[in-house]
Amino acid sequence: MQISMKVNGDDVSRDIEPRVLLVHFIREVLGLTGTHWGCDTTNCGTCVVLMDGQPVKSCTVLAVMADGHDIRTVEGLAVGGTLDPVQQGFMEEHGLQCGFCTPGMMLTARALLDRNPHPDDAEIREAISGQICRCTGYATIVRSVQWAAAHPLATDAAADDGAAAESTAEEVTA
Amino acid sequence: MQIPAAFDYERASDVANALALLERHGPESRVIAGGHSLLPMMKLRLARPDWLIDINGLTELDFILREGDQLRVGALTRHTALLESADVAGLFPIIRDAERVIADPVVRNRGTIGGSLCQADPAEDLSTVCDVLRALTVIRGPAGQRTVPMADFHQGPYETAVAQNELLCEIRFPIRPRSGSAYEKVERRVGDWAVVAAGAAVALSADGTVDDAAIGLTAVGLDGTVPEAEAVLQGRQPHEDLFAEAGRIAAAACDPVADRRGPVDYKRHLVEELTRRVLRRACARAAGAGQG
């Protein structure tokens, strides 16, 4: 079946079997292996991607169900070579050890901050409660998201603009 | 790697089209909405439909509308939308109580109320919620539309009144003055199925006595509500002793089985305690509620 969707801003179109799961479409058909494939049972959340801006577990979505939708994976977090504040936050606050859960954690964090730019720790823990990390005990993940909340990009519009993105990069690394 | 067996897939454009597709593809076709129950079952070959009819494009079934003395909820309404609705929180706090403990926030972005009810898992939370709120389901099929009360909707584990060629379209919740409701679940970890959960809805008379009470239990082998426990509340002033008595009756009336979530004694204990708690909270909410 022919499907088309936007992935990280690019239009993609492929002919696939209806039974292909979105996680495998992203990893194996598109070659975007930043999205991890974990428990396969909707529990661990490492396969989380954003579908029209909302986190979804891509092991439990058929690729054909994403036809016509907008998908964002971890590869789409950095814009114009500038890390998303969430990515920077995970670096600054040691939000990962092995890194397996990190792509899903960061996308959920991005979606949370888009809706709620100043979450408290409880709201962050609630947002990531469907995702499992076996290294950090979550404390550093919460701190990473708080770091990102404290260091937002100027605006989306400014981030798209070359000059503004540069000044934002300075802010982020400052 | 878990992959469903091969199937054909078609996307419905509206309710009439979905019904036509179900009719055309016959008994081996299944409707898919959020897919968070059906796809895991297909991966495990517990379900093996030849056709999937995708109804995610049926935006006409995605609504929460307060209309007169009822709240109308479209079957395709996602859990997240129910959790975030101010109307739902104000009118039926039990829905909010339950939605907070259904799976996890990411799953709630996809799962739907219609999917939950039609899956009819014995440990499913919204079935109990709809039971105690005495909701009506609106089902459409080739012969037109019919309304089925929740009491007749469930026909056993994983079986409902919705025939293979029909579609659950809407759930209607009657709005009652001086009413309150609550849900509480004990689970082993966040997002798990209930070990036991209880729900209650109460409407008070003008003098503060109980006009109507409904008590529902999740995952303890009961279909529908617990009329024996509800009866002791009828016409009485809400009181801690009354809640305790209803809890004892509910614990005796249920029929739990021992499994890895716990032995029978433990589950009965939970029923007794949770029934008491949800009645206490539902009555307090009803006492604080206005005319609806």
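The model is predicted, so local features need pLDDT of at least 70 and side-chain atom pairs count only at pLDDT 80 or more, while totals for chains, interfaces and linings use all residues. Residues are numbered from 1 along each chain as its sequence is written, and chains are lettered from A and ligands numbered from 1 in the order in which they are written.

**Domains of chain B**

- Chain B is assigned domain 1 (8–54), domain 2 (59–174) and domain 3 (179–291), with bounds from an automatic or database domain assignment.
- Between the C-alpha centres of domain 1 and domain 3 of chain B there are 35 Å.

**Hairpin in chain B**

- Strands β6 (residues 136–141) and β7 of chain B pair in the antiparallel sense over six bridges; pairing requires at least two DSSP bridges between two strands.
- Strands (E, at least two residues) and helices (H or I, at least four) are DSSP runs, numbered from the N terminus.
- Two residues separate β6(B) from β7(B) in this hairpin.
- B:Thr137 has B:Val148 in β7(B) as its bridge partner.
- None of the six residues of β7(B) (residues 144–149) is buried, where buried means that 20 or more other C-beta atoms, placed from the backbone, lie within 10 Å of the residue's own.

**Contact between chains A and B**

- Chain A and chain B each give 24 residues to the contact, counted where C-beta atoms, placed from the backbone, lie within 7 Å.
- On the side of chain A that touches chain B, β4 (54–57) and α4 (121–127) are the elements giving two or more residues.
- The largest share of that side, four residues, is from β4(A).

Note on methods: Buried ≥ 20, exposed ≤ 12 C-beta atoms within 10 Å, placed from the backbone. Contact = placed C-beta atoms within 7 Å.
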